[in-house]
Number of protein chains: 2
Amino acid sequence: MRAPLVAAVDVGGTRVKAALVDPAGREVVSLTDPTPAGLGAPGALVGVVVAAVEALRSRATDGGEPVEVSACGVVVPGIVDDAAGVARWSANLGWRDLPVVEPLASALGVPVALGHDVRAGLVAEARFGAAQGFSNVLFMPIGTGIAGALMLDGHVVVADGWSGELGHVVVVPDGPPCGCGASGCLEAVASAAAIERAYAAASGQRRAGEAIAALVAEGDEVASRVWATAVDALARAVVLTTTLTGVSRVLVGGGLAHAGDVLLGPLRDAVAASLTFQRRPTIAEAALGDRAGCLGAACLAFDLA
Amino acid sequence: MRAPLVAAVDVGGTRVKAALVDPAGREVVSLTDPTPAGLGAPGALVGVVVAAVEALRSRATDGGEPVEVSACGVVVPGIVDDAAGVARWSANLGWRDLPVVEPLASALGVPVALGHDVRAGLVAEARFGAAQGFSNVLFMPIGTGIAGALMLDGHVVVADGWSGELGHVVVVPDGPPCGCGASGCLEAVASAAAIERAYAAASGQRRAGEAIAALVAEGDEVASRVWATAVDALARAVVLTTTLTGVSRVLVGGGLAHAGDVLLGPLRDAVAASLTFQRRPTIAEAALGDRAGCLGAACLAFDLA
């Protein structure tokens with residue numbers, strides 16, 4: 001007899017990650033597939049989630065029978081109304097006001113929770129990862145863009161789906177243009193994509209973020225200058241978030257977090273140099289990597305029970 | 001027979017405001033006294049609160065007898081640990097780790113709640129004032145300094161007493177020095193005191209904030225230039241708070257809010273011009289004026305029951 005399992009599905013812009021998860025946060029079986037096109041069409045997202053859950057159930061047989069799951073959690077990017085169970089808007093995935101919870105619960109025959117990928121990732125970090133024991137946390141995944149999620153007084157802030165747009169906080173007035181239409185947004189200065197653009201402009205060579213981090217570690221001058229600009233912007237964002245909200249823990253996630261202390265070392269120094277009377281947050285790498293969203297979906301599913 | 005009353009006391013840097021308050025938020029009797037010196041000494045704060053409550057009770061007699069109160073709420077500035085009932089630190093009032101709830105409950109013989117003046121003011125605005133019906137609110141009192149309090153998902157954020165230091169968010173990198181040791185803090189650019197300093201520097205004449213607002217309304221050029229700088233800084237703070245937290249309501253309080261649309265008109269325009277995809281908050285004057293803290297203390301007291 002297994003512990004009760006839940007199904008967890010993280011539908012991202014490029015990949016669908018799914019798993020059956022036990023109460024300790026272990027993925028009993030998991031899969032990763034490319035995200036199909038056309039998910040904004042009626043029924044398409046539900047079809048993808050149901051297929052993923054059925055594939056997982058048939059692999060995790062229990063005495064020859066597909067294993068039972070007690071609930072299903074789904075997380076998606078964009079503006080998500082967790083309470084209404086509706087995916088309000090996603091630029092990448094092309095939907096608007098897409099009902100998820102009701103049709104999916106009908107199709108699967110189990111209770112379904114819908115959440116936001118980054119907010120749910122923070123729930124998972126708090127339960128199983130690097131935010132354990134903290135009640136006031138900023139989770140900041142840095143990749144092509146920069147996202148944010150806030151846990152304050154032990155509660156992950158939703159604000160009708162509008163909280164956490166840290167990537168679009170202006171940190172360099174009159175800075176480089178951002179895709180959102182503003183200038184000097186954190187994402188336009190310090191995302192992996194922004195760092196790659198800045199390095200290409202300064203050196204004439206295209207390098208991926210991780211390669212640039214390696215150059216910084218070797219002391220390369222151009223890479224170090226580009227990196228310092230990004231770190232300074234990230235530090236401003238951490239400092240203003242700390243000042244405004246009182247977080248005591250900052251978790252850096254996403255692809256750029258793989259740079260480890262090449263990123264976290266100077267970021268910690270810059271934050272410490274800017275804070276005056278405020279509480280000083282500890283800054284650490286997120287623990288769950290690219291499984292945070294899927295494990296977060298599992299947390300939402302367990303919380304239904 | 002009266003409705004049950006609570007005692008509410010707001011101990012500020014210059015004045016003590018106290019009232020007996022009914023469940024509808026009406027002050028049945030109230031008083032305002034100058035704040036005595038030496039409140040950091042053991043027993044001093046408790047003595048001041050007890051004296052205020054006794055004075056109020058004897059004025060609000062019920063058939064010749066001093067009226068009963070069911071609970072007492074006290075709010076103070078600085079870093080406040082609501083849960084522990086301890087006033088952690090106040091620069092103005094000179095205390096550090098001052099126990100309040102326990103000695104005061106012993107002295108008064110009723111349950112006591114301790115809170116932070118601005119956070120409690122937001123609770124009062126949400127219950128009786130201009131934040132009614134909103135779940136995600138920034139309350140921004142602008143006076144000698146600039147404070148902030150956040151309600152997110154219906155909950156006023158505490159973060160162990162560290163949340164809401166909006167006045168020390170840097171809005172002008174390398175801007176004017178702030179008392180906290182940093183440069184370009186919102187408070188150093190847009191508080192009433194900062195506006196008065198900037199006007200004096202630009203015109204050679206000392207004017208109070210309200211007089212400067214009146215000059216702006218008349219179209220005075222120097223005053224308008226000083227005012228625009230402050231409004232721009234306030235707009236940046238509102239925009240970054242909206243982006244990060246998802247608030248849909250911004251309440252401007254404090255002395256500068258008396259400028260009304262001279263302040264709120266251009267602030268609304270500047271915020272609307274800076275937001276791109278974000279939810280647009282409505283911006284309004286706080287409703288409770290300088291009674292917000294005292295009414296907030298009453299809310300804390302009612303919540304004990």
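Me: Through which surface do the copies meet, the same or a different one?
Reply: In this predicted model, the interface residues of chain B can be compared with those of chain A. Of the interface residues of chain B, 100% are also interface residues in chain A, so the copies meet through the same surface.

Me: What rotation superposes chain B on chain A?
Reply: The superposition has an RMSD of 0.0 Å, and the shift along the rotation axis is 0.0 Å. The two copies are thus related as by a two-fold rotation axis. The rotation that superposes chain B on chain A is 180°.

Me: Is T243(B) buried or exposed?
Reply: T243(B) lies in helix α7 of chain B, which covers residues 221-245. Among the residues it touches are W162(A), H168(A) and L275(B). The relative accessible area of T243(B) is 1%, and buried means under 20%, so T243(B) is buried.

Me: With which side chain does that of T243(B) make a polar contact of 2.9 Å?
Reply: Residues touched by T243(B) include G164(A), E165(A) and Q278(B). The polar contact of 2.9 Å joins the side chain of T243(B) to that of Q278(B).

Me: Which are the edge strands of the five-stranded open sheet of chain B?
Reply: The strands of this mixed sheet run in the order β11-β10-β9-β12-β13. An edge strand here pairs on one side only. The edge strands of chain B are β11 (155-156) and β13 (282-285).

Me: In which sense do strands β9 and β12 of chain B pair?
Reply: Strand β9 covers residues 137-141 and strand β12 residues 249-253 of chain B. P141(B) stands opposite G253(B) in β12(B). Over five bridges, the sense of the pairing is parallel.

Notes:
Residues are numbered from 1 along each chain as its sequence is written. Chains are lettered from A and ligands numbered from 1 in the order in which they are written. This is a predicted model: local features need pLDDT of at least 70, side-chain atom pairs count only at pLDDT 80 or more; totals for chains, interfaces and linings use all residues. Side-chain values use heavy atoms; hydrogens and water are left out. Copies are superposed by least squares on the C-alpha atoms of residues with pLDDT of at least 70 in both. Contact means heavy atoms within 4.5 Å. Helices (H or I, at least four residues) and strands (E, at least two) are DSSP runs, numbered from the N terminus. Buried means under 20% relative accessible area, exposed over 50%, partly exposed in between (1.4 Å probe, protein chains only). A polar contact is a pair of N or O atoms within 3.5 Å; within protein, one must be able to donate a hydrogen and the other to accept it, and residues adjacent in sequence count only if both atoms are side-chain atoms. Two strands pair if DSSP finds at least two bridges between them. Lists of a residue's contacts leave out its neighbours within four places in sequence.
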